[in-house]
Structures are given as C-alpha cells and as structure tokens.
Amino acid sequence: TRSTRPQRLLKAVQEKAMKGDPQSVISTIDYFCRHSEWAMNVGDEKGSILDSVVCEVSPTTALELGTYCGYSTVRIARLLPPGTQLITLEFNPAFAAVARQVIEYAGLHNKVCLVEGASGDMIPKMREMFGIKTFDFVFLDHWKDRYLPDIKLLEGCQLLRKGSILLADNVICPGTPEYLEYVRNSPHYKSMYYKSHLEYTKVEDGLEKSVFLG
Ligand SMILES: O=C(NC/C=C/[C@H]1OC[C@H](O)[C@@H]1O)c1cc([N+](=O)[O-])cc(O)c1O
Ligand SMILES: [Mg+2]
C-alpha cells in the first residue's frame, strides 16, 4: 500500500539528515515541506519565534500537545539543558510512530517523553505518571478545538503556576477563536500575539503567548 506523508517525511530525514544533529533534521524537514510535500509542522518562520520563547523561558518542565512528526519536539528539545523534561502528547499512533523515529534520529530521545493518548485523558494523569508539579512551558499545536478545554484542564489539575507560559500555534489559521477570546479577556492571563505566516506559505498565521497569572 502507498506510504503516508509522515512516512515519506521520515524517509527524507533518514536519507538526508545527519544522525544526532537536530539542526540538520529540522532543515531537512523544512526542505521536504517546501520542495516536496507541505506538512503541518510549525515550520521555520514560526519555529524561530518558538525557539526564542523557549530560550527566554528556559523551562525545567515542558509539555507539547500534538507531536505530529516531531518537528517542534526536536526544535524545543534541542534548546533544553540536560536534566529538563519535555513531555509530548500525540493521539494518532501512526504519527507517534514516525515522531519517535524522528526524535531518535535527532539524538534527543533522552530529553523527550512521547506519550500516546488523548490530551483530555492524559493531562489529569501527568502528576502521577511523571512526578510533575507544574509546567513552566506548554506548546499547543493539536486539535484546535481542544486548546481551550485543555488549558482549563491544566488549570483545574493545578499544573500551571504563576508565570507558566502557554504558546499556541495556528491562532489565525486554521484558527482557535474561542481560545483566543479566553486568554485575551481572562484576568488570569496576560496575552500577546506574534504575527507570522502559516508554515511554508504566505497565508497569515501567528503564535499567541499567554502568561498564567495565577
Ligand atoms: O490541524 C492541525 N494540527 C492538528 C494536529 C492534530 C494532531 O494532534 C491530535 C491528532 O492526533 C493529530 O495528530 C494543523 C493544521 C494546519 N493547517 O494548515 O491545516 C496547520 C497547522 O500548523 C496545524 O497544527
Ligand atoms: Mg500547527
């Protein structure tokens, strides 16, 4: 049967990137998405904004919702010092299988824990599964209609602390209107928008950074 796009993306990484070199994995995926097949990775333009926020926060505990092929997982994990933990959640087992191999190829498997499952089920188990007290940083890039319920769940499970940073992809395209309305109007968040473009296109998109105020 025909291969899937994530499988073809993985093949490009295994054939063209340098094993153990996160930057070459990132560049290979960006090249593949620009010149072979578009894929829904955060991409290089928004990825640079993601990098700058991760460096600014330098989180000890980080959560990513929506792993897909592991592109942003590699972008985040490559910036984390030893002793830090990035947990990434992916619902789709086929995507998770590809992401594991991309993360491994980049040599970042010791910094990343990929969990297969639905965010709604897994978030309440974070504390007992990982001994996490709170998350310093959360990157939201999964189903767009799950952003709002999932941050409410994070709040409810006391997994956010004063100063926890949420960074959300695709707040314009495909769009997360209810989430934006909430974080921009809630007294519990200070929010700001980083204007950019939908990965590998000229369409407007952006990242929303929100600080939890407690
Ligand atoms: O649906 C998007 N992401 C949702 C990802 C969903 C993944 O997380 C849950 C599900 O298992 C899937 O693997 C998306 C869609 C576009 N897009 O242009 O359509 C662009 C993006 O950056 C996106 O993150
Ligand atoms: Mg996205």
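What follows is a short chat about a predicted model of a protein with a ligand.

Student: How confident is the predictor in the chain, as mean pLDDT?
Tutor: The mean pLDDT is 97, and 100% of the residues reach 70 or more.

Student: And what ipTM and pTM does the complex get?
Tutor: The predictor gives an ipTM of 0.95 and a pTM of 0.98.

Student: Ok, ligand 1. Which residues are closest to it?
Tutor: Glu-90, Phe-95, Asp-141, Asn-170 and Glu-199 are the closest, out of 16 residues that surround ligand 1.

Student: What does the side chain of Glu-90 do there, in terms of distance to a ligand oxygen?
Tutor: A polar side-chain atom of Glu-90 sits 2.5 Å from an oxygen atom of ligand 1. For Glu-199, a side-chain N or O atom is likewise 2.5 Å from an oxygen atom of the ligand.

Student: How far is the side chain of Asp-169 from a ligand oxygen?
Tutor: The distance from an N or O atom in the Asp-169 side chain to an oxygen atom of ligand 1 is 3.2 Å.

Student: How much of the ligand does the protein bury?
Tutor: Ligand 1 exposes 530 Å² when taken alone, and 83% of that is buried by the protein.

Student: How does the pocket lining divide by residue type?
Tutor: There are 12 nonpolar, 8 polar and 5 charged residues in the lining of the largest pocket.

Student: How many cavities of 30 Å³ or more are there?
Tutor: The count is 1. The volume of the largest cavity is about 30 Å³.

Student: Which residues line the largest cavity?
Tutor: The lining consists of Met-40, Asn-41, Val-42, Gly-66, Thr-67, Tyr-68, Tyr-71, Ser-72 and Asp-141. By type, the cavity lining has 4 nonpolar, 4 polar and 1 charged.

Student: Now the backbone. Is the peptide bond from Cys-173 to Pro-174 cis or trans?
Tutor: The bond is cis, with omega near 5 degrees. Pro-174 is part of helix 9.

Student: What about phi at Ser-58?
Tutor: Ser-58 has a positive phi of about 30 degrees, although it is not a glycine.

Student: Where is Ser-58?
Tutor: Ser-58 is in the loop between helix 3 (43–57) and strand 1 (61–65).

Notes. Residues numbered from 1 in each chain as written. Chains lettered and ligands numbered in written order. Predicted model: local features only at pLDDT ≥ 70, side-chain atom pairs only at ≥ 80, totals over all residues. Heavy atoms only, no water. Nonpolar A, V, L, I, M, F, W, Y, C, P; charged D, E, K, R; others polar. pLDDT = per-residue confidence, 0-100. Near = heavy atom within 4 Å. Polar contact = N/O pair within 3.5 Å; in protein donor to acceptor, adjacent residues only side chain to side chain. Areas by Shrake-Rupley, 256 points an atom, 1.4 Å probe, with all protein chains shown as cover. 1 Å grid on protein atoms, 1.4 Å probe; cavity = no way out; pocket = protein on both sides within 12 Å on 5 of 7 lines; lining within 4 Å. Points joined across faces, edges and corners; volume = space filled by probe spheres on them. Helix = DSSP H or I, 4+ residues; strand = E, 2+ residues; numbered from the N terminus.
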